[in-house]
Amino acid sequence: MEKSEARELIEQARAAWDAEEWLRAAELYERVLAHFPDLEASAVWWYDAALAHKFLRNWAKAYELGREAAARSPRGEGDPAYWNLGVAATIQRDWATARDAWTGFGIRLRDGEGPIDDGFGHACVRLDTGEREVVWIERLCPTRGRVVSVPVTGGRRYGEIVVHDGEPKGERVVEGSAYPVFEELLLFEASELPTLEVTVAAGETADLEALLTLFTDHGFGAEPASSVRVLCACCSEGSHAQERSVEAGAQQVSLAAPEEEARRLLDRWAAETAIGRSWSGLAAVG
């Protein structure tokens, strides 16, 4: 391939990129890179080709090309080639490459091998289900998080692990602290905990708090209907002050627990006081 032909293909690739024709753009970049892998400009072409496959959710290709892009990028300077490789390598479960990519980006990890579970704090993720539900997660690494809300979206569960993108699309503010909202890229590990719904009557706010604490202390989830907020897309992707609303009275509570365990804990909770606590209508919903 002559350099003049390569220049023409790169122009076509950029035009395809601008038109969001990701597959065509990637294919054109790859045609040039097959002949000119190590030009000064090639690092950008490798990066764009890998990113196009990320947009296409072709993780094997994003991983393959991302390794080439990162190999031509400066380490420790927050270069996005390392971030995208970290995501793709995580999805491919190549933990050695993922660890090296995060380090190359400039993130310090604890020494170790295998899956990363370094405790990156809390954040939110917008689930990729079509319903755009935002749930809370405990971040295990820069791109993986364990869901610690009980999703109301069908088919999703408390305790599942998701992979999320790195660019926040909104934030939630709780008691003055801001938490980013990331977009889910895929469900990484399913949860075995079923989702149940129950109607509870709590005489005092403290009674409902006690129920929520009882379930979480046993490694399960509990989410009162009063804490769920429905937002339009614009508000969801903006900055939104949020607090968990725990109200007395009768309301529906979503639970994440095996049904037998849920019944046992509900009975225990109701029996702890002589009056003011009761439950009914426990049923599996997902």
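How many helices and strands does the protein have? The protein has nine helices and 11 strands. Both are DSSP runs numbered from the N terminus: helices are H or I with at least four residues, strands are E with at least two.

This is a predicted model, in which local features need pLDDT of at least 70, side-chain atom pairs count only at pLDDT 80 or more, and totals for chains, interfaces and linings use all residues. Residues are numbered from 1 along each chain as its sequence is written, and side-chain values use heavy atoms, with hydrogens and water left out.

**Overall**

The C-alpha atoms fill a box of roughly 85 × 40 × 35 Å along the principal axes. Of the 286 residues, 45% count as buried. Buried means under 20% relative accessible area, exposed over 50%, and partly exposed in between (1.4 Å probe, protein chains only).

Helix 1 (residues 3-18) packs on helix 2 (residues 22-33) at about 160 degrees, and their axes lie 8 Å apart. Axes are lines fitted to C-alpha atoms over the stretch in contact, and angles run from 0 to 180 degrees between N-to-C directions. The two helices are therefore roughly antiparallel, a term for angles over 145 degrees. From helix 1, the residues in contact (heavy atoms within 4.5 Å) include Leu-9, Ile-10 and Trp-17. Their partners in helix 2 include Trp-22, Leu-28 and Tyr-29. The residues of this contact divide into 11 nonpolar, one polar and four charged.

**Nonpolar cores**

A nonpolar core is a set of buried Ala, Val, Leu, Ile, Met, Phe, Trp, Tyr and Cys residues joined through side-chain atoms within 4.5 Å.

| Core | Residues in core | Members include |
|---|---|---|
| Largest core | 25 residues | Val-200, Phe-215, Leu-255, Leu-266 |
| Second, separate core | 24 residues | Val-87, Ile-91, Leu-109, Phe-188 |

The four residues named for the largest core have the most contacts inside it. Leu-266 touches Val-198, Val-200, Leu-211, Phe-215, Leu-255, Trp-279 and Leu-282, leaving aside residues up to four places away in sequence.

**An exposed loop residue**

Is Glu-167 buried or exposed? Glu-167 is exposed, at 52% relative accessible area. Glu-167 sits in the loop between strand 4 (161-164) and strand 5 (171-174). Beyond residues up to four places away in sequence, Glu-167 touches Val-181 and Phe-182. Glu-183 is 16 residues from Glu-167 in sequence, and their C-alpha atoms are 7.9 Å apart.

Conventions: Angles under 35 degrees count as roughly parallel, over 145 as roughly antiparallel, 65 to 115 as roughly perpendicular and the rest as oblique. Ala, Val, Leu, Ile, Met, Phe, Trp, Tyr, Cys and Pro count as nonpolar, Asp, Glu, Lys and Arg as charged, and the others, Gly among them, as polar.
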